[in-house]
Amino acid sequence: MGFFGNNKQRQAVVFVTYPIAAFAVFALLAGTSIYVHSIIEQPRVDDRQAARTIMTHHNALRRDDVPQPVMTNDRMVRYTAQRITYQPVRKSDAAQLTIPTVTSGIILDVDSGIILWEKNSTERRSVASVTKLVTAMIVVDRIQDLDAYVRIPESVIRIEGTKVGCPTSVRCTTPRLIAGEEVRVRDLLKATLMFSANDAATALAIHIAGSEEQFAMLMNARMKELGAGNTHFCRPSGLEDDTDEEQCYSSAYDMARVIVHLLQYDKYALLWDIMRTDTATFTSRDGTLTHELDNTNRLIGEMPTLIGAKTGFTPRAGYCLALASHDGTEKHKVVSVVLNDPQRFNDVRTMSEWAFASFVWQ
């Protein structure tokens, strides 16, 4: 009869054996697929190791020396670890930095995102016209043709504070913007960043979003995209209504993050060129009005390592300044931000010089 017996016995064996074999093959294929999928989906070993290495490095240092990197979640830490070429290491003989007049401040390394010094840097405060850095960023993000013209709405003519032609609400020294005037986007950016003109910033915001309120929503959403979520802007100018002051805030840390972002992309180079410009003029589209601008940053021409800066002041915010500088070779850059500091210009210069004297980049 042979090994398998008669025909009926062979049929019974086939009936039982084939389903078992088919199931075994299916299980093998499924297991292989799951294993391959897990390999593809998991981060690479070197990515995980890089993240652990950078976090271990930061955790081993004191907070007043070199605290955490800018990126906080695992994915962003891995990204930071991969792109870093140099990291600042504090010199053993570096002096302590003390800025007694500043309420809130920070020094941030641009490439690594490492905090070199800070004082109350995450405290929620009004940042006044430093806000305009975010306004300018969104303008560049959303308007491709910076030579396009913007019609000045009547509503911005009545705005308080610094305006084109008017250093204060009660003193005008050169021609103002007028309702219906058409001005290029790039010229309104100059007025916004150099002269800190509230009317120029607001005109750009209304042109993009239709209202200050809608533009503020864009600003807050953009800050969250940058991972700077300790912020709630209310107006594109940073000039908050008295009734809204408690709801309108940012922090030295968040504004330092904005500057780092602006330094990392070529499309924002125009903004830095503007912030380094001492004086400028621009003309309306019909050529009938010429406006003059002076930069509010006193360090232009006095600080050779200056990349650019934005000033700010309101009675509530105090004197504010956010500044980017390089080490002289332009190889390494730091951001210095002070909020509510009556000695802001001297202090940010001291902060920048201290950073490059106290750290080596390796």
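Modeller: First a term: strands are DSSP runs of E, at least two residues long, numbered from the N terminus. The model is predicted.

Colleague: In which strand is Thr-279 found?
Modeller: The strand in question spans residues 279-283. Thr-279 belongs to that run, strand β6.

Colleague: Leaving aside neighbours within four places in sequence, which residues is Thr-279 in contact with?
Modeller: Contact here requires heavy atoms within 4.5 Å. With neighbours within four places in sequence left aside, Thr-279 touches Met-194, Leu-293 and Asp-294.

Colleague: How far apart are the C-alpha atoms of Thr-279 and Met-194?
Modeller: Along the chain, Thr-279 and Met-194 are 85 residues apart.

Colleague: What share of contacts between residues at least 6 apart in sequence joins residues at least 24 apart?
Modeller: The protein has ten helices and eleven strands. Among contacts between residues at least 6 apart in sequence, the share joining residues at least 24 apart is 66%.

Colleague: How are α5 and α6 oriented to each other?
Modeller: Helix α5 covers residues 185-193 and helix α6 residues 198-209. They pack at about 140°, with axes 7 Å apart. Angles over 145 degrees would count as roughly antiparallel. The two helices are therefore oblique.

Colleague: Which residues of α6 make the contact with α5?
Modeller: The crossing of α5 past α6 is left-handed. From α5 come Val-185, Leu-188, Leu-189, Ala-191 and Thr-192. From α6 come Ala-200, Ala-201, Ala-203 and Leu-204.

Colleague: How many residues of that contact of α5 with α6 are nonpolar?
Modeller: No charged residue takes part in the contact of α5 with α6. One is polar. The nonpolar count is eight.

Colleague: Is Asp-187 buried or exposed?
Modeller: Asp-187 forms a salt bridge with Lys-190, with the closest N and O atoms 3.6 Å apart. The two are three residues apart in helix α5, so about one helical turn separates them. Lys-190 is partly exposed, at 22% relative accessible area. Asp-187 has 3% relative accessibility, so Asp-187 counts as buried.

Colleague: Which residues are linked with Asp-187 and Lys-190 in a network of salt bridges?
Modeller: A search of the whole structure finds 14 salt bridges. The network that includes Asp-187 and Lys-190 also takes in Asp-147, Arg-184 and Arg-186.

Colleague: Where is Arg-235, the salt-bridge partner of Glu-212?
Modeller: The closest N and O atoms of Glu-212 and Arg-235 are 3.0 Å apart. The pair links distant parts of the chain, 23 residues apart. Glu-212 lies in helix α7 (residues 212-225). Arg-235 is in the loop between α7 and α8.

Colleague: What is the relative accessibility of Arg-235?
Modeller: Buried means under 20% relative accessible area. Glu-212 has 17% and so counts as buried. Arg-235 also counts as buried, with a relative accessibility of 14%.

Colleague: What separates Glu-353 and Arg-349 in helix α10?
Modeller: Glu-353 forms a salt bridge with Arg-349, the closest N and O atoms being 3.5 Å apart. Glu-353 is partly exposed at 48% relative accessibility, and Arg-349 is partly exposed at 25%. They are four residues apart in helix α10, so the separation is about one helical turn.

Colleague: What percentage of the protein's residues count as buried?
Modeller: The protein has 362 residues. Of these, the buried share is 48%.

How values were computed:
Residues are numbered from 1 along each chain as its sequence is written. This is a predicted model: local features need pLDDT of at least 70, side-chain atom pairs count only at pLDDT 80 or more; totals for chains, interfaces and linings use all residues. Side-chain values use heavy atoms; hydrogens and water are left out. Axes are lines fitted to C-alpha atoms, for helices over the stretch in contact, and angles run from 0 to 180 degrees between N-to-C directions. Angles under 35 degrees count as roughly parallel, over 145 as roughly antiparallel, 65 to 115 as roughly perpendicular and the rest as oblique. A crossing is left-handed if the near helix is turned anticlockwise from the far one by less than a right angle, and right-handed if clockwise. Ala, Val, Leu, Ile, Met, Phe, Trp, Tyr, Cys and Pro count as nonpolar, Asp, Glu, Lys and Arg as charged, and the others, Gly among them, as polar. A salt bridge is a side-chain nitrogen of Lys or Arg within 4 Å of a carboxyl oxygen of Asp or Glu. Buried means under 20% relative accessible area, exposed over 50%, partly exposed in between (1.4 Å probe, protein chains only).
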